[in-house]
Amino acid sequence: MRQWHDRVSMNLRHLRAFATIADAGSFGRAADRLFLSQPALSRQIQALEAEIGMPLFDRTGRQVRLTAEGEDLLRHGRRLLADLDALAERARALRGGEAGILRVGATPQVIENLLAGFLLRYRQCCPNVEFHLVEDGGARLPSRLEQGDVHLAIMPAVDPALPGRLLYPMHLMAVAASTHPLRNLGPLDITALSDHALLLLHRAFASRLWFEEACHHAHLRPQVLLESAAPHTLIALAAASYGVAIVPSPVSIQQPGMLARPLVSRDASIGRWTSIAWHPERFLAPYAERFVDEIVAHVEHRFPG
């Protein structure tokens, strides 16, 4: 059977609607995002399915799941939509405009401790730019750039294929209540955690991968008590003496009576430099380049963590 992309000329409005439903997980939420009625959105998807001659969703109640054909279309469609967005941004820039959309991907802790205090500065210099934040773990942000979900990503500098500029170093911290036995130690070798229950971030976070790599080299099997997508959840539980939280250094610790110790492995810090990166094959609008310059200048004076 010939693939769908060999035999259709697709309506891009329908394709955007399809991608929005896949992201939202339901027709209702997608209709709200697109400012459409749900019947109107359903008609667009029916037209798209009729055009390609196969269903794109398995519908079960209010939830929808992609069919295998739908997953294939989504993968190709995202690249097409990202390239079209980049083309539109280039056309605006060539006309000498400074208006457009800028999507920046970052982890929750970077959004809290860096971007929240920086956005006012950027909006003052580029008031006509529509700014969108995309939150995700550092391990997934490179794929966000590849798919075109974001124009810029603030993430660990681990992929030499992605151009970028260094911002600041980030390292792992062990956070516990001030009464914890670790209070008498300075920098902690990772082997000191062997007898302690640990509270870790999900594997979507790059810092979790660094921790597991260090454990592997130290022949340490960590006692994982809880995994969470929220660093402050781990810190709150550590404050209640539920375990030792392992978090990256930019995370703010607001609870009183806490201790935070840098983790080391063989006397070396466990971490990476943070960078702001972009895709090498996609056009970067002038206002995005301005964002990069401004945030590099910003971190010289306000160093996260």
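# Salt bridges, burial and loops in a predicted model

Guide: The accessible surface of the protein chain comes to about 15,500 Å², and carbon and sulfur atoms account for 51% of that area. This is a predicted model.

Visitor: What makes up the secondary structure of the protein chain?

Guide: The chain has nine helices and 13 strands. Its C-alpha trace spans about 65 × 50 × 35 Å along the principal axes. Of the 305 residues, 47% are buried.

Visitor: How many salt bridges does the structure hold?

Guide: The structure holds 16 salt bridges.

Visitor: Why is the pair of arginine 78 and aspartate 23 called a salt bridge?

Guide: The closest N and O atoms of arginine 78 and aspartate 23 are 2.5 Å apart. The cut-off is within 4 Å, between a side-chain nitrogen of Lys or Arg and a carboxyl oxygen of Asp or Glu, so the pair counts as a salt bridge. The pair links distant parts of the chain: arginine 78 lies in helix α4 (residues 68–94) and aspartate 23 in helix α1 (residues 12–24), 55 residues apart.

Visitor: How do you know whether arginine 78 is buried or exposed?

Guide: The relative accessible area of arginine 78 is 18%. Buried means under 20%, so arginine 78 is buried.

Visitor: What makes arginine 208 and glutamate 212 a salt bridge?

Guide: Their side chains meet at 2.9 Å, N to O. With the limit set at within 4 Å, the pair therefore qualifies. Arginine 208 and glutamate 212 are four residues apart in helix α7 (residues 206–217), so about one helical turn separates them. Arginine 208 is at 4% relative accessibility and counts as buried, whereas glutamate 212, at 26%, counts as partly exposed.

Visitor: How do you know that the span of α7 is close to the expected one?

Guide: Helix α7 has twelve residues and reaches 17 Å from its first C-alpha to its last. The expected span is 16 Å at 1.5 Å a residue, and the value for α7 is close to that. The buried residues of α7 are Ala206, Ser207, Arg208, Trp210, Phe211, Ala214 and Cys215. Just after α7, histidine 219 takes a positive phi of about 55°.

Visitor: Why do glutamate 294 and arginine 290 count as a salt bridge, and where do they lie?

Guide: The N to O distance between their side chains is 3.0 Å. The cut-off is within 4 Å, so the two residues form a salt bridge. Glutamate 294 and arginine 290 are four residues apart in helix α9 (residues 286–299), about one helical turn. Glutamate 294 has 15% relative accessibility and is buried, while arginine 290 has 35% and is partly exposed.

Visitor: Which residues are linked in a network of salt bridges?

Guide: Asp136, Arg140, Arg144 and Asp149 are linked in such a network. For the protein chain, the mean positions of the 32 positive and 31 negative charges are 3 Å apart.

Visitor: Why is serine 241 called exposed?

Guide: The relative accessible area of serine 241 is 53%. Exposed means over 50%, so serine 241 is exposed. Serine 241 is in the loop between α8 (231–239) and β10 (244–248), and has a positive phi of about 60° although it is not a glycine.

Visitor: What makes arginine 266 exposed?

Guide: Arginine 266 has 67% relative accessibility; the limit is over 50%, so arginine 266 counts as exposed. Arginine 266 is placed in the loop between β11 (258–265) and β12 (268–269). Its phi is near 55°, a positive value in a residue other than glycine.

Visitor: How do you know whether leucine 119 is buried or exposed?

Guide: Leucine 119 is at 11% relative accessibility, and buried means under 20%, so leucine 119 counts as buried. Leucine 119 is found in helix α5 (residues 108–125). Not counting residues up to four places away in sequence, leucine 119 touches Phe131 and Leu133. Leucine 119 and phenylalanine 291 are 172 residues apart in sequence and 9.6 Å apart in space, C-alpha to C-alpha.

Definitions and conventions:
Residues numbered from 1 in each chain as written. Predicted model: local features only at pLDDT ≥ 70, side-chain atom pairs only at ≥ 80, totals over all residues. Heavy atoms only, no water. Helix = DSSP H or I, 4+ residues; strand = E, 2+ residues; numbered from the N terminus. Buried < 20%, exposed > 50% of the residue type's maximum accessible area, 1.4 Å probe, protein only. Expected span 1.5 Å × (residues − 1). Areas by Shrake-Rupley, 256 points an atom, 1.4 Å probe, with all protein chains shown as cover. Lys, Arg positive; Asp, Glu negative; His and termini not counted. Charge placed at Lys NZ, Arg CZ, Asp CG, Glu CD. Contact = heavy atoms within 4.5 Å.
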